[in-house]
Amino acid sequence: EEEANEATAAMPPKKKEEAPKEKPILGRFSSHLKMGIVGMPNVGKSTLFNTLTKMGIPAENFPFCTIEPNEARVNVPDERFTWLVDLYKPKSQVSAYLEIHDIAGLVRGAAEGQGLGNAFLSHIRRTDGIFHVCRCFEDADVVHVEDRIDPVGDLEIIASELRAKDLEQVKKEIFGYEKKNQKLTKDETDKLASLKKIEKCLEDGINIKDSPEEWSIKDVDLINELQPLTSKPAVYLCNMSEKDYARKKNKFLAKLHAWVQAHGGGPMIPFSAALEENLVMMQSDEEREAYCKEMGVQSALPKIITTGFSAIQLIYFFTAGADEVKCWSIRKGYKAPQAAGTIHTDFERGFICAEVMKYADLKELGTEAEVKNKGKYKQEGKTYVVEDGDIIHFKFNVTSKGK
């Protein structure tokens, strides 16, 4: 009986049992992903964006690449990267970056084209995740478009505008299938069933990403093809006065938290755009540190950047040596050959294997040689799923005709 059990354990699991383990992820399966800053007018979006731009990577670091005025690329802070740079002392160091787009303020009626409505919504469509900036500060000099301070009300307006636009898109797709004269193929019938499911979700006032019903793999494939606005992950940034931020108290936070929890959850980060702007204008790190110590505050930007990066399912692996320590951003779930392809297409085409060290092992053991001695330097094949913080050396052969 024991033998029989062992045999069963060694058998590959059936496909059907495997499915729930690998929950399909909403969003584009790509390593070129970006976050958009969204909010009503005068909530602090541009102040935040301008601050991020000032600490952004200069455009000349990206040759042959047009960086639009509403786009910033900011380094992702990571102590693992800093530690690797200290260890290898490379000639060149390249950290991971997050691409952030500033999107014009949204007003009520945007889905019907109010304000910069349609341009605004098409800009969101081009991003992969949303930073919702919520106004939690009162300032008579900064007028609110709705003439009141109500961050929950603002989020309600934005959510309903995004759903209205998604519903318009989905209804158009459904109409396309329903007006066909000939019989629908099996694939088209499945797509229509998924569209109806998405339509019901939106008509019930629920964002696609927050659906209580689980989306099937076919639903997710269609959602990822359509890229609807309410399928994008959200990070909520609560912009408060410097005084409130310093004392960690704000009268809107509890209501905001309750709303976010009732609408699919998601990270909420309190910050003060006024403080961040103030800090970035200071001349030196010493001045910034002294000010933060005196006021009992610290910048929320590192947390905002790292949270945005992981919200859109990005991770990175390292290549490390005396010439260069570099972070390579990939979408979670990439296998070794795809990860190799982010360095060069030849690496993917002629992939032989990936030699992988775990960052924790290298940090604990101190040198690459010691990692090898302890048998922790692993050779991985084509099916290996790269993990965040892996240190990889790829072996490839360009003449081999990879599939």
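**Core, strands and helices**

Leaving aside neighbours within four places in sequence, L98 is in contact (heavy atoms within 4.5 Å) with M35, A72, R73, V74, V76, F131, I305, G308, F309 and I312. The model is predicted, with local features requiring pLDDT of at least 70 and side-chain atom pairs counted only at pLDDT 80 or more, while totals for chains, interfaces and linings use all residues. Residues are numbered from 1 along each chain as its sequence is written, and side-chain values use heavy atoms, with hydrogens and water left out.

L98 is also, with F131 and L237, one of the residues with the most contacts inside the largest nonpolar core, which has 72 residues. A nonpolar core here is a set of buried Ala, Val, Leu, Ile, Met, Phe, Trp, Tyr and Cys residues joined through side-chain atoms within 4.5 Å; buried means under 20% relative accessible area, exposed over 50% and partly exposed in between, with a 1.4 Å probe and protein chains only. Helix α6 supplies the largest share of this core, 6 residues. Another core, of 16 residues, lies apart from it and includes I315, A354, V356 and F394.

Helices (H or I, at least four residues) and strands (E, at least two) are DSSP runs, numbered from the N terminus. Strand β1 (residues 34–38) has 5 of its 5 residues buried, so it is largely enclosed by the rest of the structure. K34, G36 and V38 point one way from β1, and M35 and I37 point the other way. In a regular strand the side chains alternate between the two faces of the sheet. Two strands count as paired if DSSP finds at least two bridges between them. β1 runs parallel to strand β4 (residues 97–102), joined by 4 bridges, and G36 stands opposite H101 in β4. Strand β5 (residues 129–135) also pairs with β1 in the parallel sense, over 4 bridges, with F131 as the bridge partner of I37.

Helix α7 (residues 186–203) has 18 residues and should span 26 Å at 1.5 Å a residue; its end C-alpha atoms are 26 Å apart, which agrees. The expected span is 1.5 Å times one less than the number of residues. The buried residues of α7, among them L192, L195, I198 and L202, pack against α6 (151–178) and α8 (217–226). After α7 comes G205, with a positive phi near 75 degrees.
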